[in-house]
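My entries follow in the order in which I looked things up.

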Amino acid sequence: MKPRRSNLSVPGHVTKMHPKAAECAADVVMLDLEDSVPVDQKEQARAQVIETLHKFDWSKKTVTVRINSLDTPFGYRDLLEVAEGAGEIIDNIVIPKVNTEKDIHFADCMLSGIEMSKGFSRTLGIEASIETAEGLLNAAKIAAASPRILGLVFGIADYSASVGARLVSISGHGEKEEDLYPGHRWHYPLSRMVMSAKACGALAIDAPYGNFKDEEGLRKAAVMTCALGCDGKWAIHPAQIDVINEVFTPAAAEIALAQKVLAANEEAASSGKGAIAVEGRMVDQATVRMAEQLCSRAKHLGLL
């Protein structure tokens with residue numbers, strides 16, 4: 001699987017953004033049919049996204065499409081037409097506002113039928129957005145609902161509305177949180193989503209940060225969610241991509257320390273020693289596993 005550190009959301013109906021998105025530094029480009037598209041342009045946007053997918057080269061990126069939620073008049077048509085029209089180009093479908101595993105079962109069955117009908121050579125994946133109290137309650141069942149599930153995504157604004165949380169910024173996407181709450185206001189729901197995803201071998205992707213001009217705020221938010229176990233974060237503007245990529249990329253010092261731990265563990269195993277010490281501190285097997293995971297991520301990103 002290609003890296004998924006930065007996930008750039010691009011409105012499906014705004015064609016001038018599409019060629020720039022294909023060339024940007026984001027790991028993932030998500031062509032959006034949902035919240036960024038006005039209701040009277042939904043069908044136009046769907047046709048435009050399919051055209052865009054065929055028009056540009058997406059081979060160096062992970063490319064996804066966010067459909068409308070399946071409880072709207074648009075969602076099923078999005079799923080059907082995008083999968084039939086561009087199923088061999090896109091990597092996965094992003095389904096918003098997933099409340100129960102039933103949404104995933106429906107999408108899974110429909111995609112299986114489309115793949116058989118079209119003779120596609122690969123299987124489409126699914127990312128499920130956790131955006132409501134009900135969705136968070138069922139996150140583990142949603143993550144386990146299908147082998148197609150590649151990741152869970154946190155939808156901070158809709159989740160806030162779902163639980164009746166206070167609005168502290170214009171966008172509702174993570175800015176100025178410290179003005180209202182002394183800690184990480186979304187620590188619990190995000191941690192629960194991360195746990196649900198990782199228990200099923202799926203990725204966990206954080207919500208976007210609304211103020212694209214606030215680089216310091218974006219960095220702080222990304223560092224916190226990376227520390228919780230998220231694999232990446234959505235971006236709503238190309239200016240956010242570099243910061244997100246940097247935060248979710250292991251630093252050279254981290255990689256060097258992880259390599260020391262693995263080398264010490266290998267030496268201890270070959271010599272029959274039970275205890276491992278690195279830089280004057282004892283290291284247990286849990287730390288070794290963390291070092292292995294970090295080095296694996298570094299290799300995946302081409303850093304080793």
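At roughly what angle do the axes of helix α2 (residues 42-55) and α3 cross? I found that the axes cross at roughly 20 degrees and come within 10 Å, where axes are lines fitted to C-alpha atoms, for helices over the stretch in contact, and angles run from 0 to 180 degrees between N-to-C directions. α2 and α3 are therefore roughly parallel to each other; angles under 35 degrees count as roughly parallel, over 145 as roughly antiparallel, 65 to 115 as roughly perpendicular and the rest as oblique.

Before going on, I note that this is a predicted model, in which local features need pLDDT of at least 70 and side-chain atom pairs count only at pLDDT 80 or more, while totals for chains, interfaces and linings use all residues. Residues are numbered from 1 along each chain as its sequence is written, and side-chain values use heavy atoms, with hydrogens and water left out. Helices (H or I, at least four residues) and strands (E, at least two) are DSSP runs, numbered from the N terminus.

**Helix pairs**

I looked up the handedness of the α2 and α3 crossing and found it right-handed, meaning that the near helix is turned clockwise from the far one by less than a right angle, anticlockwise being left-handed. In α2, R46, I50, L53 and H54 meet R77, D78, E81, V82, G85 and A86 of α3, with contact taken as heavy atoms within 4.5 Å.

I then followed helix α3 (residues 75-86) to α4, where the two pack at an angle of about 30 degrees with their axes 10 Å apart. α3 and α4 are therefore roughly parallel to each other, and α3 passes α4 in a right-handed crossing. The contact is made by Y76, L79, L80, A83 and E84 of α3 together with F106, A107, M110, L111, I114 and K118 of α4.

For helix α11 (residues 252-271) and helix α12 (residues 285-300), I found axes that come within 9 Å and cross at roughly 130 degrees. α11 and α12 are therefore oblique to each other, and α11 passes α12 in a left-handed crossing.

**Helix α7**

I next asked which residues of helix α7 (residues 156-163) are buried. They are I156, Y159 and S160, buried being under 20% relative accessible area, exposed over 50% and partly exposed in between (1.4 Å probe, protein chains only). These residues cover an arc of only 105 degrees around the axis, which puts them on the same side of α7; the arc is that of the directions from the helix axis to the C-beta atoms. The buried residues of α7 pack against α5 (133-137), β6 (149-154) and α8 (187-199).

S160 counts as buried at 9% relative accessibility, and S160 touches A165 and W186, not counting residues up to four places away in sequence. Just after α7, I noted that G164 takes a positive phi of about 75 degrees.

**A loop residue**

I also checked K97, which has a positive phi of about 50 degrees although it is not a glycine. K97 lies in the loop between β4 (92-95) and α4 (101-118) and, at 21% relative accessibility, counts as partly exposed.

**Nonpolar cores**

Last, I looked up the largest nonpolar core, in which L53, I104 and L152 touch the most other members of its 64 residues. Such a core is a set of buried Ala, Val, Leu, Ile, Met, Phe, Trp, Tyr and Cys residues joined through side-chain atoms within 4.5 Å. A second, separate core of 10 residues includes A258, A264, A268 and V283.
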